[in-house]
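Subject: Structure handover

Hello,

Please find the structure below, with notes on what was found in it.

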Amino acid sequence: YYSEKTVVFYDGKFVKAKQVSCSPFAQTMHYGYGIFEGLRSYQTSNGVSIFNAKAHFERMKYAAHKLSIPLLYSVQDLENIAYDLLDQNNFKDAYIRPLLFCPDNMRLSSRRESILFMGAWKWPRYHGNNLLSACISSIERPNPKSCPVDAKISGLYVSSIMATNEAHLKGYDEAIMLDQFGNVAQASGANVFYEKEGELFTPPKGHILAGITRKVIMDLAREKEIKVTEKPISPKELQQADMVMLTGTAVEVALVGAIDGISFKKNPKHTKCAELAEAYSDLVHSAYEPAYTII
Ligand code: PMP
């Protein structure tokens with residue numbers, strides 16, 4: 001993720017990544033009580049553009065607020081830091097990772113202190129362009145009553161990593177996690193849609209992190225007059241789909257060709273999911289200013 005030359009933003013200034021050292025007594029390190037974001041920048045005809053930067057930093061503010069972690073930067077400050085970071089590393093297409101973490105504190109209560117880290121690295125599409133295999137995971141999405149699952153909270157990712165580990169052990173690429181009621185929630189770090197007879201279906205808000213990519217895909221679908229319905233989805237429905245796709249900043253739009261070892265019959269190239277994957281790629285590489293109201 002970094003080399004000798006990599007510059008990161010850490011505790012108020014730009015420094016070399018190799019100079020940063022983090023205390024092993026940091027509260028976030030022990031208890032996962034921290035928040036983060038994930039953004040992508042793209043080279044466009046109008047220069048380097050961070051896709052939907054404001055929406056991501058607004059979500060970061062929301063997560064900080066939910067955990068009462070002070071975020072001493074405005075959305076505009078955060079956006080400026082992100083662009084400076086890209087500039088200092090001479091990055092064009094990159095993944096940007098802000099992390100707001102709590103420093104030394106071994107108690108199970110918050111102190112009103114935080115440190116902002118922001119790093120960036122070149123990260124090709126998380127799953128490449130492969131047609132993925134996924135399984136229904138035995139690891140459930142966390143209960144929204146125990147933690148705000150609509151915020152990107154570090155500790156929430158324990159279950160995502162466990163679900164992915166389980167999927168990999170069984171030979172699958174990805175895990176589809178269910179909610180506490182046995183309905184499909186989402187993938188480990190991405191939202192899920194399925195396609196049936198030309199229409200799209202996706203789980204409603206509640207147990208998911210309703211991603212920015214999810215919203216963009218829904219808007220793109222509507223522009224193309226593809227019907228999208230948010231509704232509770234059973235694992236069986238997913239298995240009987242024509243195609244499944246995952247959406248997220250890191251994965252972008254990834255097509256899933258089989259669930260639990262059962263392949264979909266439809267040619268992936270002839271699906272709405274493939275059409276939307278292409279439209280998403282065109283959009284992020286265009287000099288577009290988001291007209292979308294996010295989340
Ligand atoms: N769910 C989880 C758990 C995620 O980590 C992500 C990635 N941020 C997503 C969904 C997709 O969100 P977005 O489209 O905003 O990147």
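Domain 1 and domain 2 of this predicted model bury about 1700 Å² between them, with 64% of that area on carbon and sulfur atoms. Buried area is the accessible area (1.4 Å probe) that two parts lose on being put together, summed over both. On the domain 1 side, F36, F51 and R59 supply 36% of the area buried against domain 2, more than any other three residues.

The domain assignment, automatic or from a database, places domain 1 at 7–121 and domain 2 at 132–284. Their C-alpha centres are 26 Å apart.

Now the ligand. There are 16 residues around it, and K152, Y157, Q186, T213 and T249 come nearest; a residue counts if one of its heavy atoms lies within 4 Å. The protein covers 96% of the 390 Å² of accessible area (Shrake-Rupley method, 1.4 Å probe) that the ligand has on its own. The elements giving two or more residues to this shell are α5 (212–223) and β14 (243–248), taken from DSSP runs (helices H or I, at least four residues; strands E, at least two).

Residues are numbered from 1 along each chain as its sequence is written, and side-chain values use heavy atoms, without hydrogens and water. Local features need pLDDT of at least 70 and side-chain atom pairs 80 or more, while totals for chains, interfaces and linings use all residues.

Regards
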